[in-house]
Amino acid sequence: MPKPEEAQRVIEAVQGLWRIMISLMSATGLRAGKVRALRWEAADQKRRRFAVQEAVKKSARGHREEVRNLKRDASVRTIQIPDAFLEQLKQLPKRGGWVFSSESGDLISADYFLDQMQRAVKASGVEWHGTLAHFFYHFACSLFMHEFSNPKRCSSFWATAASP
């Protein structure tokens with residue numbers, strides 16, 4: 001699992017939207033598909049929280065991506081927006097309804113997301129040999145486990161125990 005200083009180096013290696021996205025993933029444990037599917041309409045800025053109800057998934061035939069409601073009620077949850085991110089989130093352009101979108105307002109593709117994650121890790125100098133899509137999930141989970149010392153609780157907290 002990434003160490004706190006490694007995650008911090010990756011965050012510091014990028015700017016703008018990517019810094020905010022990676023920071024949010026590190027603080028909340030959200031996986032890439034759920035972060036990419038966050039919509040502004042799911043944000044309650046007054047209460048500093050997001051309703052996580054959707055994720056980006058490959059279509060049934062695997063040819064394209066689509067945003068789908070989460071399969072299980074247990075997967076739907078509300079996450080707190082850390083105070084440090086609230087002002088940064090407010091500064092993001094509101095294009096296409098997505099919190100994190102391409103410059104044209106479209107959903108960020110899995111390929112582009114992975115490319116940007118690889119660039120961030122490379123620019124940071126951190127050596128990571130695992131799956132980049134789970135880098136920040138594992139980091140946040142390790143911090144959570146320090147708090148509660150129970151891997152199953154960590155997994156159920158993010159409702160990903162049975163997720164593929």
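Student: Which residue in E2 is the bridge partner of alanine 43?

Tutor: The partner of alanine 43 in E2 is phenylalanine 50. Please keep in mind that this is a predicted model.

Student: How many bridges join E1 to E2, and in which direction do the strands run?

Tutor: Strand E1, residues 43-44, is joined to E2 by two bridges, and the pair runs antiparallel.

Student: What lies between E1 and E2 in the hairpin?

Tutor: Four residues separate the two strands of that hairpin. In the turn, arginine 48 has a positive phi of about 60°.

Student: How many bridges join E2 to E5?

Tutor: Four bridges link E2 to strand E5, residues 77-80, and these strands also run antiparallel. Within E5, threonine 78 stands opposite alanine 51.

Student: Which residues of E2 make up the covered face, and which the uncovered one?

Tutor: Phe50 and Val52 form the covered face, whereas Arg49 and Ala51 form the uncovered one.

Student: Turning to the helices, which residues of H4 are buried?

Tutor: Helix H4 spans residues 83-91, and Phe85, Leu86 and Leu89 are buried there. Viewed down the axis of H4, the buried residues fall within an arc of 115°, so they line one face of the helix.

Student: Why would residues three or four places apart point the same way?

Tutor: An α-helix has 3.6 residues a turn, so residues at that spacing point the same way.

Student: What covers the buried residues of H4?

Tutor: The cover includes helix H2 (16-28) and strand E2 (49-52). On the other side of H4, Asp83, Ala84 and Gln91 are exposed.

Student: And in H1, which residues are buried?

Tutor: In helix H1, residues 4-12, the buried residues are Glu6, Ala7, Val10 and Ile11. Seen down the axis of H1, they fall within an arc of 140°, so they too line one face of their helix.

Student: A change of topic: how many salt bridges does the structure hold?

Tutor: The structure holds eight salt bridges.

Student: Which residues form salt bridges with glutamate 66?

Tutor: Glutamate 66 forms one with arginine 64, where the closest N and O atoms are 3.6 Å apart. Glutamate 66 forms another with arginine 68, at 3.0 Å between the closest N and O atoms.

Student: Is arginine 64 buried or exposed?

Tutor: Arginine 64 counts as exposed, because its relative accessibility is 54%. Arginine 68, at 30%, counts as partly exposed, and so does glutamate 66, at 23%.

Student: What about aspartate 115; which residue does its side chain meet in a salt bridge?

Tutor: The side chain of aspartate 115 meets that of arginine 119, at 2.9 Å from N to O. Aspartate 115 and arginine 119 are four residues apart in helix H5 (residues 110-124), so about one helical turn separates them. Salt bridges with shared partners also join Asp44, Arg47 and Arg49 into one network.

Student: Finally, how many helices and strands does the protein chain have?

Tutor: The chain has seven helices and five strands. Along the sequence, the pattern is α-α-α-β-β-β-β-β-α-α-α-α.

Student: What percentage of the residues count as buried?

Tutor: Of the 164 residues in the protein chain, 43% count as buried. The accessible surface of the chain is about 9400 Å², and 48% of this belongs to carbon and sulfur atoms.

Key
Residues are numbered from 1 along each chain as its sequence is written. This is a predicted model: local features need pLDDT of at least 70, side-chain atom pairs count only at pLDDT 80 or more; totals for chains, interfaces and linings use all residues. Side-chain values use heavy atoms; hydrogens and water are left out. Buried means under 20% relative accessible area, exposed over 50%, partly exposed in between (1.4 Å probe, protein chains only). The arc is that of the directions from the helix axis to the C-beta atoms. Contact means heavy atoms within 4.5 Å. A salt bridge is a side-chain nitrogen of Lys or Arg within 4 Å of a carboxyl oxygen of Asp or Glu. Accessible areas come from the Shrake-Rupley method with a 1.4 Å probe; for residues, only the protein chains shown count as cover. Two strands pair if DSSP finds at least two bridges between them.
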